[in-house]
Amino acid sequence: MSSSDESDVQEVGQDTQNEEVEDEGPTTFKELGVIPLLCEACDQLKWKTPTAIQKQAIPLALQGKDVIGLAETGSGKTCAFALPILQELLKNPQRLFALILTPTRELAAQIGEQFKALGNSMKVECALIVGGMDMVTQAITLAKKPHVIIATPGRLVDHLENTKGFNLRNLKFLVMDEADRILNMDFEPEVEKIIKNIPRDRRTLLFSATMTKKVEKLQKANLCNPVLVQASHKYKTVDNLMQYYLFIPAKFKDCYLVSVLNELVGNSVMVFCSTCQGALRLVLMLRVLGLKGVPLHGQMSQNKRFGALNKFKSKTSQILVSTDVASRGLDIPHVDVVINYDIPTHSKDYIHRVGRTARAGRSGKAITFVTQYDVELYQRIEHLIGKKLPLFPTEEQEVMILNERVGEARRQALKEQKEIEDKKGGRKRKHAIDDADDTEEALGVKKHLGKKGFKGGKKRRH
Ligand SMILES: Nc1ncnc2c1ncn2[C@@H]1O[C@H](COP(=O)(O)OP(=O)(O)OP(=O)(O)O)[C@@H](O)[C@H]1O
């Protein structure tokens, strides 16, 4: 979706009100109208002051308004919708009270954790209804009628259509987190079905760091006199994020990646690729070179996806190589650096990807590889974020010294990738990729590590 194909979000519906936000001094959650029980929960999470988006959105949601919340990555949007929902739930206890739609399974799990943390003392029951997990187990969970459902759209529709006795006819709250993504064409049929299956008389909250400006798309969410709150200038990346680009010939991308990662040893790094195969190839190549990473992409089984993410979260692995499945919403505070190995095709994805670092006031760094083929896409990104980025400093001669070694590792990785796929033979290629994801043993990588371990380079702290 290019920025040019959209009208302005502030034009949404004649009745949309626009709350321009000034972040005015310290306010407490209590001053926002949050009840003591939930203020205590915030206190336990060490949240002393509400963030700008929380200051704006929480009172409006508590007044019963539909809200469109637009605020930069890592600014606490989850709490901005979770607190009003929990407070209303406490006031009017009811099963199947709220539905949170998110585009990815990992994000759903993370939101579930935040609901549990905030609603711990009120014993809120949450259910995670996401693809890649057992339908029957989920049906049993739904039969117990949880208070809050956090779902990916496809799997929820599956249950609405096939799980006997399950319906959302009394739902009170609908949230679309990463709303522009949910309202995107990819989820169109699912969202249509969901909207048809929930009451018109409900409250709707849309949140994202980037919002669709298309009136028709927003109308799909069926909002009622929504108030738009913007806690920062549109599409602003956070101030404490240092952003760079690196202009390099496409054929030396791997070489530069290895060089940059060597400099970053000791940091937690997310590397973004455009394809599942690409992500796997990079992980295999990096492992040959002694740089241990885990992949995360849509062709892995859900258990392996969660497994890879947990390894990265627990710092067992310091490099996560992923597709855009990890670009939105994931809150991993210790991410120091984001590398766009492949430039994002949709410029808004840039904002979400680099937003995986420099969260909640921390600092971070983002480096975007730009090849001779990516110049136009890169210019669109600069236009969207409204600034020109500096060049990431590298020593070309030093990088090129790695070329031969990296080329050998790349060949080895491609061979292993092919071997894995061939070995699986009759099985679908998709599963072959899945099986290969994060099991070092299966890859025969350890032997390469032993023989040709390749680490070192200067340490650059961030
Ligand atoms: N009031 C607060 N004070 C301090 N930290 C907070 C506060 N509210 C939320 N946080 C923390 O900020 C981090 C980011 O929050 P969250 O994941 O909700 O961001 P987000 O705005 O949804 O980001 P994204 O656009 O990337 O999805 C989390 O670790 C959360 O615990």
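Domain 1 (10–230) and domain 2 (241–421) both contribute residues to the shell around the ligand, so the ligand lies between them; the domain bounds come from an automatic or database domain assignment. The model is a predicted one, in which local features need pLDDT of at least 70, side-chain atom pairs count only at pLDDT 80 or more, and totals for chains, interfaces and linings use all residues. Residues are numbered from 1 along each chain as its sequence is written.

The ligand is surrounded by 19 residues, the closest being Trp47, Gly76, Lys77, Thr78 and Ala360; a residue is counted if its C-beta atom, placed from the backbone, lies within 6 Å of the molecule. Helix α3 (residues 77–91) gives the most to this shell, with three residues; helices (H or I, at least four residues) and strands (E, at least two) are DSSP runs, numbered from the N terminus. The shell comprises seven nonpolar, nine polar and three charged residues, where Ala, Val, Leu, Ile, Met, Phe, Trp, Tyr, Cys and Pro count as nonpolar, Asp, Glu, Lys and Arg as charged, and the others, Gly among them, as polar.

The centres of domain 1 and domain 2, taken over C-alpha atoms, are separated by 30 Å. Their contact takes 16 residues from domain 1 and 16 residues from domain 2, two residues being in contact if their C-beta atoms, placed from the backbone, lie within 7 Å. On the side of domain 1 that touches domain 2, helix α4 (residues 105–119) gives the most, with four residues. By class, that side of domain 1 has four nonpolar, seven polar and five charged residues.
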